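The sequence and structure are shown first.

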Amino acid sequence: EDLGRDWRRVEDDVRQLHDEVSAWPSRVERIASTGWMLTRVAASYRLHPTRAAFLTERAAKKALDASHARNARLFARTSARQGAGFLKIGQLISTRPDLLPEAWIAELSKLQDDAPAVPFAAARQRIEDDLGATLDELFAEFEPTPVAAASIGQVHRAVTHDGVTVAVKVTRPDIDRCIEIDLDLMELFLESLKSMLPPADYPTIVAELRSMLRQELDYRFEVEMMERLADFFDDRDDIVVPRSIPQLCGHDVLVCRFIEGRKITVVLDELRDRRDAGDAEAGSRLDAILARLLETYVRQILVLGIFQADPHPGNFLVTDDD
C-alpha cells in the first residue's frame, strides 16, 4: 500500500511537471512578443525628448503625435492577438480619455468587444471539464461560433434542455498563466517609464490589478454578484440584469439567460445623430438612457454598496425598448 501511494505521488508529480514544461514554449513566445512590443513603446517615448531637442516646437509635437498613433496601434494589435491580461488592461484604459492621448483611446476602444475567439474544440473541452458532463448532456442546442469574445472568456448562445435560451461564458485555456505573465511584464514596463509618468503609487495599482484579475478568473464570484444585482433591480422593468442558471455554472463556466441588445455607444451615437438632425424623440430617448445609466450606478454605489466595476461600453447593451 505504501509503495502504491508513493507511486501515485510520483505519477502526479510527473504529470504536473509535464504540464509545466508543455507550457514553456507558449510562455516564452508570449514573453518575447509582448515584451518586445513594450520595449519598443517604452524606447520611443524615452528617446522623444532627445529627438525633440533638435526640432522646432511644432515639429516636435507632430513627431510625438505620430509616436502616439504608432505605439497605440502596436499595443492594441499585440493585446488583441495575445488576449488575457494585456487585452483586459487595454479595455480598462480605453475608457480614460482624461489620462491617455486621443490616438490611444481610438485604438484601444476597438478592444472593447473585438477580442480573438478561442477554437470551439478548446471551449468545449473547458466546459465539459468544469461541469463534468458532455455538451450534449448539458445543452439541447449549442452554437459553436461565439457571439462575443473578451479578454478572459467568450460567450456562446445555447438552449437548455428545458427550452431556455442562454449565454454560455467560458474562460480561455491557460488564462491563469497568461494573466500572471502579462502583469509581470506590465510592472516592468511601468517601472521603465516611471520617470516620465505622472506621480502615482504604481505598485499599488499593479497589486490591485492582480487582485481584481485573479478574482475575475473564478466565475462563481461573478455569479454571486450577478444574482445580488439582479435581486436589487428586480422591481425595475427598465434595467435588466441577466439571471444565472446555477446548476450550469462553475469555476470556468457561467451560464445565464440570453438577452438581446446592442452596444450602448452604438445606440447613443445613432440617437445623437438623429437628434442633431432635428428628431426630438431621439433626443428624449438619448437623455433617458443616459439618466438611467447614471441612476443605476448611483443606486448601486449608495444603496447596495456593490457595483458593476468594469464599465467599458462593451459591457452595456440597450434593448429594443431602451
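Helices are DSSP runs of H or I with at least four residues, and strands are runs of E with at least two, both numbered from the N terminus. On that basis, the chain of this predicted model has 11 helices and 7 strands.

**Overall make-up**

The chain comprises 322 residues, and 40% of them count as buried. Its accessible surface amounts to about 18700 Å², with 57% belonging to carbon and sulfur atoms. Where contacts link residues at least 6 apart in sequence, 63% of them join residues at least 24 apart.

**Cysteines**

A disulfide is a covalent bond between the sulfur atoms of two cysteines. How many disulfides does the chain contain? The count comes to 0 disulfides. The cut-off applied is a pair of cysteine sulfur atoms within 2.5 Å. For C249, the closest cysteine sulfur is that of C256, and the distance of 7.8 Å is too far for a bond. Seen from C256, the closest cysteine sulfur is in C249, again at 7.8 Å and too far for a bond.

**A backbone feature at D322**

D322 lies in the segment after β7, the strand that spans 317–318. The phi angle of D322 is near 65°, a positive value in a residue other than glycine.

Key. Residues are numbered from 1 along each chain as its sequence is written. This is a predicted model: local features need pLDDT of at least 70, side-chain atom pairs count only at pLDDT 80 or more; totals for chains, interfaces and linings use all residues. Side-chain values use heavy atoms; hydrogens and water are left out. Buried means under 20% relative accessible area, exposed over 50%, partly exposed in between (1.4 Å probe, protein chains only). Contact means heavy atoms within 4.5 Å. Accessible areas come from the Shrake-Rupley method with a 1.4 Å probe; for residues, only the protein chains shown count as cover.
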